[in-house]
Amino acid sequence: MSTSPLPGDASNDPTDDQTGRFVVQPNGRIRPLSPHLQVWRWHVTMAASILNRMTGGALSVGAVLVFVWLLALAFGPDAYATFTGWMGSPLGLLVWFGLTVALCVHLAGGIRHLIWDAGHGLSIKAADALAWVSMVGGVLLAVVFWVGLFASGRILL
Amino acid sequence: MSRPSKTFVNRVKVSERHGAAEWTAERASSLILVPLTLWGLWSGYVLAGGGYDAAMAWFRSPVNAILLAVTLLVSVWHMQMGLKVIVDDYIHKLGSRGLLLGLIGLLCVLIAAAGVFFIVRLALGSAPLPAGFGI
């Protein structure tokens, strides 16, 4: 019987594989499953990486909003009052809260990637821990920021 | 080995000459943005709910105006690279990719140029726009 990869390779032995990484072809041959998007097992480092890309995309919208803030301010008190009226509405505050979460998660995620790129924290355990810490830490930072905004009375609903 | 003279050889992109520079630019911009983002969060906290007068007073500090301009420019640079990677990864049709990258470039140049223009006016205490444009 022809098998591929060869049995006896401890990391890639299809005969006692428990991970479902192999499929039996119609002709009876065992072949490794193609690592396509749908068959990758969910992993926290993967989720954190995808989250970093998504938050980065969302922050492009945030950049446009910061630009509109500058524009409104440069056009004087009336334009600025219109702008703050929209942004201070419940929907506007929700958008800015979402952007704050995206910013904090992207910031923490960026630091995580810089640590990895410097060659640190690359063991599975450390990488998993870094992924969790960056995601939870980012959300926490954003929540603390908004609790501060409401607690200090800067923003009212 | 001879230097590749084209970006594409046999319709395969040759990136060995500039891929490292892009990688370094992405990391460099990230590194610069770490402290600037923390400063930006702090500034947002200070300015939130303050209204027009507080924002104008904030811009009178040259440190604030300069840091904001630097943050804006590095952010736009970082954003352009990030959006380019996303488009490169998911848009495979050459025409659509070129068009999207062009639009992204245009948006980034617009935000950077007009943003710095507004910051300079605000820092100098210029009269509200459209003053000075004869409208």
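Hi everyone, thanks for coming. Please keep in mind that we are looking at a predicted model.

Let's start where the chains meet. On chain A, 26 residues are in contact with 26 residues of chain B. Four helices of chain A each give two or more residues to that side: α1 (44-74), α2 (77-87), α3 (90-117) and α4 (124-151). Which of them gives the most? That is α1(A), with 10 residues. As for residue classes, the side of chain A that touches chain B has 16 nonpolar residues, seven polar and three charged.

Now to α3(A). This helix has 28 residues, and at 1.5 Å a residue it should span 40 Å; the C-alpha atoms at its ends are 40 Å apart, so the two agree. The buried residues of α3(A) include L99(A), T100(A) and R112(A), along with the run from A102(A) through L103(A), C104(A), V105(A), H106(A), L107(A), A108(A) and G109(A) to G110(A). And what covers them? The cover includes α1 and α4 of chain A, together with α1 (19-47) of chain B. Just after α3(A), have a look at G119(A), which takes a positive phi of about 90°.

Finally, chain B. Its secondary structure comes to four helices and two strands, and along the sequence the pattern reads β-β-α-α-α-α. Of its 135 residues, 15% count as buried. Among contacts in chain B with a separation of 6 or more, 67% come from residues 24 or more positions apart.

That's my tour; happy to take questions!

Definitions and conventions
Residues numbered from 1 in each chain as written. Chains lettered and ligands numbered in written order. Predicted model: local features only at pLDDT ≥ 70, side-chain atom pairs only at ≥ 80, totals over all residues. Contact = placed C-beta atoms within 7 Å. Nonpolar A, V, L, I, M, F, W, Y, C, P; charged D, E, K, R; others polar. Expected span 1.5 Å × (residues − 1). Buried ≥ 20, exposed ≤ 12 C-beta atoms within 10 Å, placed from the backbone.
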